[in-house]
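I opened my notebook to look at one protein model.

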Amino acid sequence: MDGSKSDQALFSPYKMGRFNLSHRVVLAPMTRCRAIDSIPRPAMAEYYAQRATKGGFLITEGTMISPTAAGFPHVPGIFTKEQVEAWKEIVDAVHAKGAVIFCQLWHVGRASHQVYQPDSSPPISSTEKPISKKPWRVLLPDGTHDIYPKPRALTIYEIPQVVEDYRQSAINAIEAGFDGIEIHGAHGYLIDQFLKDGINDRKDEYGGSLSNRCKFIIQVVKSVAEAIGPDRVGVRISPAIDHLDAMDSDPLALGLAVIERLNKLQQEFGNKLAYLHVTQPRYTAYGQTESGRHGSEEEQAELVRMWRRTYEGTLICSGGYTRELGIEAVDGGDADLVSFGRLFISNPDLVLRFELNAPLIRYNRSTFYTHDPIVGYTDYPFLNQNAASHVPSRL
């Protein structure tokens, strides 16, 4: 294949701590709603294996850490023995392709509904403020939508149990065979509900100042890293994203505050975290970039560059990246790795297509969150009939 030197940056090897990656194209975590009763099923093994390459890196969909963590139908968990056992088949299928896979640990917080909660209780959060009625709606198990209900603010005495849920889920993930975990601290979910001053209205030690608002995420990261090792822990944040009303008055300062504390933790551990995963502000709820909503493209990029310059470790960028933007990010030093979501849904051999600069298949958004084990899930075509097992020579 012909390609410029910069083209090859996205397909060059990278050492992410203990993991030797063959290229920089990462499968982003994406909710796909294909589990049944929170238990992963065999179709998920095929789905992830289809998108695995030798030396590639995959991050799973958001995976519940407890019975209170759900906010979508048919999402998997990692808090019971049965769930752990079911994940083993999926992890084994990915490892058989020579890839590395992390489990994303997820709690949606107030982005839930009583129908998903034990005893139909209100969802928990940092606040009692509900997500606004417009434009946000929660997807219910029957396929209809409803408004988000008023949540219940966690008491200061309950927070350690939630931290423990993250820790135990990380241990469970390692038992299932995962190479590591990603803590989902982004996109308006529970951890982000503590971080953002547009949501967090607490008057105790978890609210108010930046230092207080960062306390919960750092407690979670420290607890999980102590349990499984910091080099098996990734962290995802989105300081500039207002998904699900997750707004902050100073996204730059918030991102820097989290990063400075992660850097300090790494110094305390004497070992780096696996990575920091940052979502670009171009990400929106419906996958479309709204011009001017988060400033110009250059202003958005400069935010990420400042966080990049501050963070001492591997940085993954995500959010609306194309092949060209991914190449530019890695070649320009703005990211070590780039994660791709929607493009990976409809192009299971995305790495090959990117390397060859081949045409991409368009995704069908209407099948993103169905629970069909095949349609819109494992039935997207490969570039050719042998592509499913083909690994480019440099990979």
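This is a predicted model: local features need pLDDT of at least 70, side-chain atom pairs count only at pLDDT 80 or more; totals for chains, interfaces and linings use all residues.

Residues are numbered from 1 along each chain as its sequence is written, and side-chain values use heavy atoms, with hydrogens and water left out.

**Whole protein**

I looked up the elements and found 12 helices and 14 strands. These are DSSP runs, numbered from the N terminus: helices are H or I with at least four residues, strands are E with at least two. The radius of gyration is 20 Å, close to the 21 Å of the globule rule for 395 residues, so the protein is as compact as a globular protein of that length. That radius is taken over C-alpha atoms, and the rule is 2.2 Å times the number of residues to the power 0.38.

I checked burial next. Of the 395 residues, 59% count as buried, meaning under 20% relative accessible area (1.4 Å probe, protein chains only).

**Helix H4**

I picked H4, residues 159–175. Its 17 residues reach 25 Å from first C-alpha to last, close to the expected 24 Å. The expected span is 1.5 Å times one less than the number of residues.

Which residues of H4 are buried? I listed several, including Ile159, Val162, Tyr166 and Ala173. The cover over the buried residues of H4 includes helix H3 (81–96), strand S5 (100–106) and helix H7 (215–228). Gly177 follows H4, and its phi is positive, near 105°.

Methods
Buried means under 20% relative accessible area, exposed over 50%, partly exposed in between (1.4 Å probe, protein chains only). Contact means heavy atoms within 4.5 Å.
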